[in-house]
Amino acid sequence: MHNLDLFKEQISSSSPKKIIITTHYKPDADALGSSLGMANYLKKKGHEVLVVTPSDYPSFLNWMEGNDEVVNFEDKDKKKWVGEKIQDADIIFCLDFSCLSRLQEMGDLVKSSKAFKVNIDHHQDPEDFAEFTYWSTKAAATCELVFELITMVGDKDLLDQDIAECLYAGIMTDTGGFKHPNTTKNIHLVTAELIGLGADNAKIARLIYDTNSLNRLKFLGFALTRRLEILEDCQTAYFAISKKDLRKYDSRTGDTEGLVNYALSLDGVKIAALFTEKKDGVKISFRSAEEVEVNKFAATHFKGGGHKNAAGGVSDLNMKETIQKFEYLIRENKHILFNQLELINEKNQ
Ligand SMILES: [Mn+2]
């Protein structure tokens, strides 16, 4: 973090600003929750705020306050208008991502804008593109950092139930429902504050986790039965989902979210992956347990990155070749991937 005073001055109520808030491609609950939480706060301070997402996002996030005004950059009728708004903005907030390429097509527009840029994030290796950065890989969620930042600038009294519910959603999902190793004492303290502000935890959990379509559940059954592969000698399991599979179950944005966790939930599995066939290649989600660092593996071999236990990547090869590459690399790197784990186990004995 640098220069909190400068940030405070920028968002001061005494001079209303034109603010754009954006987040990464295919926003998840932390991305959208931090964006709308921040938007609702900045509106209360008297600013003109527009939230733009680089793509659509799952419908189970539609309940958040401010959702109806979010503009999807992929909406052809809005593209030009959004471009002008970005050039014209006083401040651009970039939340839950740390390199502009995660905005896809929108990245260059944000880069070339003269606006004061703010980056709030918890991913590894941030690009230095912002005038004010509030960044920590120790944070479980960007929503946690948004809560802290609003508190730090002395505006805790502006937090309300709507903001608290947006932030709670991001924390709940980025900690895997308070199960992942990033579930710290601090995250529980922040969560307690959010519940104190009126965030309805049971309602939010239901809205996010228990709003499956029948197609989605049937797809899950199909994937578990027909598309789960296990590399027992490597403590690895993965799903490979084709475009045809997605079409067959009328898959919507968000329908494959969480699927990879079923592979990781297998007893003995320490590395899980989900390969999803896209128009221009294969999208990959990686998960790992304990000390296995999957982000480095994703960055080295699949043009990706992320967190220690949750990362993403892409492959330009077709599905079959991608899987071959993955299996080969897992076997080749087995000793490196699991080395740290073994060392720790030895120490504990
Ligand atoms: Mn996040």
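**Exercise 1. Which residues does Trp135 touch, not counting residues up to four places away in sequence?**

Before the solution, two notes on the model. Residues are numbered from 1 along each chain as its sequence is written. The model is predicted: local features need pLDDT of at least 70, side-chain atom pairs count only at pLDDT 80 or more, and totals for chains, interfaces and linings use all residues.

*Solution.* 
- Step 1: Find Trp135 in strand β6, residues 132–135. Helices (H or I, at least four residues) and strands (E, at least two) are DSSP runs, numbered from the N terminus.
- Step 2: Apply the contact rule: two residues are in contact if their C-beta atoms, placed from the backbone, lie within 7 Å.
- Step 3: Read off the partners of Trp135, which are Ser98, Asn119, Asp121 and Pro126.
- Step 4: Look at Asp121 again. It sits 14 residues from Trp135 along the chain, and the two C-alpha atoms are separated by 4.9 Å.
- Step 5: Decide on the surroundings. A residue is buried if 20 or more other C-beta atoms lie within 10 Å of its own, exposed if 12 or fewer, and partly exposed in between, with C-beta atoms placed from the backbone. Trp135 has 17 other C-beta atoms within 10 Å, so it is partly exposed.

**Exercise 2. Describe the overall build of the protein.**

*Solution.* 
- Step 1: Take the secondary structure, which comes to 13 helices and 12 strands.
- Step 2: Compare the radius of gyration with the globule rule. The radius is taken over C-alpha atoms, and the rule is 2.2 Å times the number of residues to the power 0.38. The protein has a radius of 20 Å, close to the 20 Å that the rule gives for 349 residues, so it is as compact as a globular protein of that length.

**Exercise 3. Locate the domains and the contact between them.**

*Solution.* 
- Step 1: The bounds come from an automatic or database domain assignment. It gives domain 1 (4–175 + 182–209) and domain 2 (214–348).
- Step 2: Over C-alpha atoms, the centres of domain 1 and domain 2 are 28 Å apart.
- Step 3: Domain 1 brings nine residues to the contact, and domain 2 brings eight.
- Step 4: Sort the side of domain 1 that touches domain 2: three residues are nonpolar, three polar and three charged. Here Ala, Val, Leu, Ile, Met, Phe, Trp, Tyr, Cys and Pro count as nonpolar, Asp, Glu, Lys and Arg as charged, and the others, Gly among them, as polar.

**Exercise 4. Explore helix α5 and its packing against α6.**

*Solution.* 
- Step 1: Helix α5 (residues 142–152) packs with helix α6 (residues 161–174) at an angle of about 140°, and their axes are 7 Å apart. The axes are lines fitted to C-alpha atoms, for helices over the stretch in contact, and angles run from 0 to 180 degrees between N-to-C directions.
- Step 2: Name the arrangement. Angles under 35 degrees count as roughly parallel, over 145 as roughly antiparallel, 65 to 115 as roughly perpendicular and the rest as oblique. α5 and α6 are therefore oblique to each other.
- Step 3: Thr142, Cys143, Glu144, Val146 and Phe147 of α5 meet Leu167, Gly170 and Ile171 of α6.
- Step 4: The residues of this contact comprise five nonpolar, two polar and one charged.
- Step 5: Check the cover of α5, where eight of the 11 residues are buried. Among them are Leu145, Leu149 and Ile150. The elements covering the buried residues of α5 include α2 (29–44), β4 (91–95) and α7 (185–196).
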